[in-house]
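Q: I've got a structure here and I'd like to talk it through. Can you take my questions as they come?

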Amino acid sequence: MPSLEDGEMFLPSTPGKFKDKSITMHRQFYRCFASTSTMFLWALFLVALTAAYLSFQSFVDSGSRYFSTAWGGIQWEKQVRASAQIRRHNGVSVLVTGAAGFVGSHVSLALKKRGDGVVGLDNFNSYYDPSLKRDRRNLLSSQNIFVVEGDINDARMLAKLFEIVAFTHLMHLAAQAGVRYAMENPQSYVHSNIAGLVTLLEACKTADPQPAVVWASSSSVYGLNEKAPFSESDRTDRPASLYAATKKAGEEITHTYNHIYGLSITGLRFFTVYGPWGRPDMAYFSFTRNILQGKPITIYKGKNHVDLARDFTYIDDIVKGCIGSLDSAKKSTGSGGKKRAAAQYRIFNLGNTSPVTVPMMVGILEKQLKVKAKKHMLEMPGNGDVPFTHANISSARKEFGYKPTTDLQTGLRKFVRWYLSYYGYDHGKSVK
Ligand SMILES: O=C(O)[C@H]1O[C@H](OP(=O)(O)OP(=O)(O)OC[C@H]2O[C@@H](n3ccc(=O)[nH]c3=O)[C@H](O)[C@@H]2O)[C@H](O)[C@@H](O)[C@H]1O
């Protein structure tokens, strides 16, 4: 059977004298038309492909611009390398995320002081006044610690950092903190505490060598647990806030990276950390500001008017716990993204072991500030708060000799001294 050529099927079957000639002409015309249209379609396809590629490139570029323009370049690499230099025998090289944050800045300084290499990373977001973060950064910079301005969700920046420096450890302290703010901005918790964590672990998994990971979980994972004091083996499947849920998820996520890729993981459950250079969103800090400014403070009460209590833990004790866990962490066991052997997975409470009620904390502040607080009592709203926290720290004590030594009175005295020297005495009118 003769086969139909392109266009043939569209030919009219016109009978008559000129049929053959006209058929030939039509055939030529349609062949020509068909090949032109095929070429046109190919050209269109190529144009579309190029356009798609270009817009993808610009998406990638604008993505990295979105994260930060503040990284990259020869000078930047030089600063990273210099900051990562180890200056003691058997020292370590640590990437500290959240280095311009409260705990991150203290841990960075302590590591640097003993001669370890430290590179900081922080996105300087505006959850609370970024000028406090910039001042912490300046303090770090005065000790030759370079803080990279970037987001833990920026995979390209992280890959670059691990390419430049063979970090032995990751101290991951960047997070969206705050229990009650999770009701206002839930997505920010997912962005930093879940997506950011995964991006970071992906970078660690492929890094060669893989760093050992120490990271900040939270006492809030105990949620509605009523058994006191809280032990690491207690239930953590009833979080009371989205913040707690993201920290609990972090514990599970890090476990999978430990299991599949051989990352050494140590999760630290911090208990309401306070002290100089602290977080302005926390109660002891905002109460101090309000008391000095003559503004009222709101003190939440639990069910049946029970006082809420926290196992407030002083920053220097937390720093010792962070460094103890870092020093006792075993190496990761994977390489090239593959696990070679079972790796260490640990979780520790880092608390103070002596809960203090919120009204007692306010009483200490009043004494230190020599000003009476205007107290406004309010029944605890359903905002994610838990009635009390109390740490059992025997695991951390056994594993690396963790022993908190600062009571709330001493710690708040140091905090108030810092607060007044930082903000001045003029009752916070110049508060940054
Ligand atoms: O251990 C943690 O894992 C968490 O600790 C911290 O959370 P919390 O223990 O909730 O600290 P914080 O806000 O200072 O409230 C302290 C007390 O004051 C009460 N409180 C608070 C505010 C207020 O206006 N009134 C009040 O009574 C309040 O009800 C509570 O009883 C960190 O912020 C968090 O990021 C996380 O790290």
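This is a predicted model: local features need pLDDT of at least 70, side-chain atom pairs count only at pLDDT 80 or more; totals for chains, interfaces and linings use all residues.

Q: How many bridges join E4 to E5?

A: Four, between E4 (residues 169–172) and E5 (residues 212–218), and the two strands run parallel. One example is His172, whose bridge partner in E5 is Trp215.

Q: What about E5 and E6, how many there?

A: E5 and E6 pair over six bridges, in the parallel sense. Val214 has Thr266 in E6 as its bridge partner.

Q: What sits with E5 and E6 in the β-α-β unit?

A: Helix H7 (residues 242–261) does, and the unit is right-handed.

Q: And on to E13: how many bridges does E6 make with it?

A: Six bridges, again parallel. Leu268 stands opposite Phe348 in E13.

Q: Is E6 buried or exposed?

A: Six of the six residues of E6 (residues 265–270) are buried, so the strand is largely enclosed by the rest of the structure.

Q: Which way do its residues point?

A: Ile265, Gly267 and Arg269 point one way from E6, while Thr266, Leu268 and Phe270 point the other way. In a regular strand, side chains alternate between the two faces of the sheet. In E6, the residues on both sides are buried.

Q: New topic, the ligand. Which residues come nearest?

A: Ala177, Ser218, Met282, Ala283 and Tyr300, out of 18 residues around the ligand.

Q: What kinds of residues make up that shell?

A: Ten are nonpolar, six polar and two charged.

Q: Which element gives the largest share?

A: Strand E8 (residues 296–301), with three residues.

Q: Back to Ala177. Where is it?

A: Ala177 lies in the loop between E4 and helix H6 (186–206).

Q: Why does Ala177 count as buried?

A: Because 26 other C-beta atoms lie within 10 Å of its own, and the cut-off for buried is 20 or more.

Q: Last one: how far apart are Ala177 and Asp135?

A: Their C-alpha atoms are separated by 19 Å, and along the chain the two residues are 42 residues apart.

Note on methods
Residues are numbered from 1 along each chain as its sequence is written. Two strands pair if DSSP finds at least two bridges between them. A residue is near a molecule or strand if its C-beta atom, placed from the backbone, lies within 6 Å of it. Ala, Val, Leu, Ile, Met, Phe, Trp, Tyr, Cys and Pro count as nonpolar, Asp, Glu, Lys and Arg as charged, and the others, Gly among them, as polar. A residue is buried if 20 or more other C-beta atoms lie within 10 Å of its own, exposed if 12 or fewer, and partly exposed in between; C-beta atoms are placed from the backbone. A crossover is right-handed if, with the strands pointing away from the viewer, the path from the first strand over the helix to the second runs clockwise.
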